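Welcome! Please have a look at the structure below, and then let us walk through it together.

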Amino acid sequence: MTIASDLVADLDRLYRASVERLQAAMSAYIADGTTPDPASRTDGSFAYPEIRLTYKGGVDRPTPLRSFGRMVTPGEYKISVTKPAIFAEYLIEQLTLLIEDYDVTVEAVEGRQEIPFPYVIEPGHALSLDEVSATELSRHFPATELAHIGDEIADGLWIAQDETRPLALFDGLRTDFSLARLRHYMGTPAEHAQRFVLFTNYHRYVDEFVRWAGTQLGEGSRFTSLSGAGGITISSGDDIDKIISDSAWRRHQMPAYHLMADDRTGITLVNIGVGPSNAKTICDHLAVLRPEAWLMIGHCGGLRPSQRIGDYVL
């Protein structure tokens, strides 16, 4: 039987190899103008790895009662994957369910959906773009084309081209796009976001959360640190009031604080500001991290004893 953890390890190996090839090609171009081999743009050299699954169908096993990790229609499925190491726990869980409960064959292979070059330039990386523009790089390397993001499941439309169905909600491009937007909106690494998320639009709730989170740190705690907007990291014993009075978070549209645990079972608080557009935007992007639960906290829904269901409240 195929082991899910081995598949994820293969995905990670393939992904790292693609990233290294893309970074090396960019370094050569920046250094002396060497352009990449045209074949590298079509042979998967710079592409995300893929999970490919074949479901043969049949009714030899009872249909699971869960709402996820289910197969309905026999056929070929695939999905591109980015940063498998970050999503390893989730991928292993989902693939294990499919392998154990269905007659499927699963493999990790090189894909053809290319990794846009901005997604391999991490903060502090040796690549320097001081002497070359993004427009120039996009002539020779894969760039961020939103039209290439697969949304076959999200919009309910599946246009068959090679009879292969999407295996998951978010492909590699969509996930990388959201991770980049989360860094921009929250002011923290997207990887710091935890599986339990709180939203608010009141600064005082943010202050209280940060103060409370600071008391949860220390020896014997399952929480490791508190990450905040503006690149701050709070550890046990730090002056919480001084840190939260810093104005660094004001540079970010939806500043966040993450009370982190090793298994991402900590708590993330996002100040979404005012307006449903912010709420929708941050939910769309946080969804790629597969949170367990999210909850809005505030007082706009509070009721007074004098109010009855059906009352019109301004």
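This is a predicted model: local features need pLDDT of at least 70, side-chain atom pairs count only at pLDDT 80 or more; totals for chains, interfaces and linings use all residues.

Residues are numbered from 1 along each chain as its sequence is written, and side-chain values use heavy atoms, with hydrogens and water left out.

**The cores**

Let us start inside. A nonpolar core is a set of buried Ala, Val, Leu, Ile, Met, Phe, Trp, Tyr and Cys residues joined through side-chain atoms within 4.5 Å. Here, buried means under 20% relative accessible area, exposed means over 50%, and partly exposed is in between (1.4 Å probe, protein chains only). The largest nonpolar core has 39 residues, and those with the most contacts inside it include Ile51, Val106, Ile282 and Leu286. Among the elements that each supply at least two residues of this core are helix 1 (4–32), strand 1 (47–55), helix 4 (172–186) and helix 7 (276–286). Helices (H or I, at least four residues) and strands (E, at least two) are DSSP runs, numbered from the N terminus. Helix 2 gives the most to this core, with 5 residues. The core also draws at least three residues from each of domain 1 (3–171) and domain 2 (187–297); these bounds come from an automatic or database domain assignment. Another core, of 18 residues, lies apart from it and has Met26, Leu137, Leu173 and Ala180 among its members.

**Helix 7**

Which residues of helix 7 are buried? They are Asn278, Ile282, His285 and Leu286. These residues cover an arc of only 95 degrees around the axis, so they are on the same side of helix 7; the arc is that of the directions from the helix axis to the C-beta atoms. On the face turned away from the buried side, helix 7 carries the exposed residues Pro276 and Lys280. The cover over its buried residues includes helix 4, strand 5, strand 9 (267–271) and strand 10 (293–296), where contact means heavy atoms within 4.5 Å. Not counting residues up to four places away in sequence, Leu286 touches Leu182, Met186, Ala193, Val197, Phe199, Pro291 and Trp294.

**Aromatic rings**

The whole structure has 6 aromatic pairs. Rings of Phe, Tyr and Trp (its six-membered ring) pair if their centres lie within 6.5 Å; planes under 30 degrees apart count as stacked, over 60 as edge-to-face and the rest as tilted. Two of the pairs are shown here.

| Pair | Type | Centre to centre | Angle between planes |
|---|---|---|---|
| Phe46 and Phe141 | tilted | 6.5 Å | 40 degrees |
| Phe209 and Trp212 | tilted | 6.1 Å | 40 degrees |

Phe46 lies in the loop between helix 1 and strand 1 and Phe141 in the loop between helix 3 (134–137) and strand 4 (164–166), so their pair ties together parts that are 95 residues apart in sequence. Phe46 is buried at 3% relative accessible area, and Phe141 is buried at 1%. Ring pairs link Tyr29, Phe46 and Phe141 into a cluster. Phe209 and Trp212 both lie in helix 5 (residues 203–215), 3 residues apart. Phe209 is buried at 8% relative accessibility, whereas Trp212 is partly exposed at 37%.

**A serine to finish**

Ser225 is found in strand 6 (residues 223–228) and is buried, at 11% relative accessibility. Ser225 and Ser235 are 10 residues apart in sequence and 5.4 Å apart in space, C-alpha to C-alpha.
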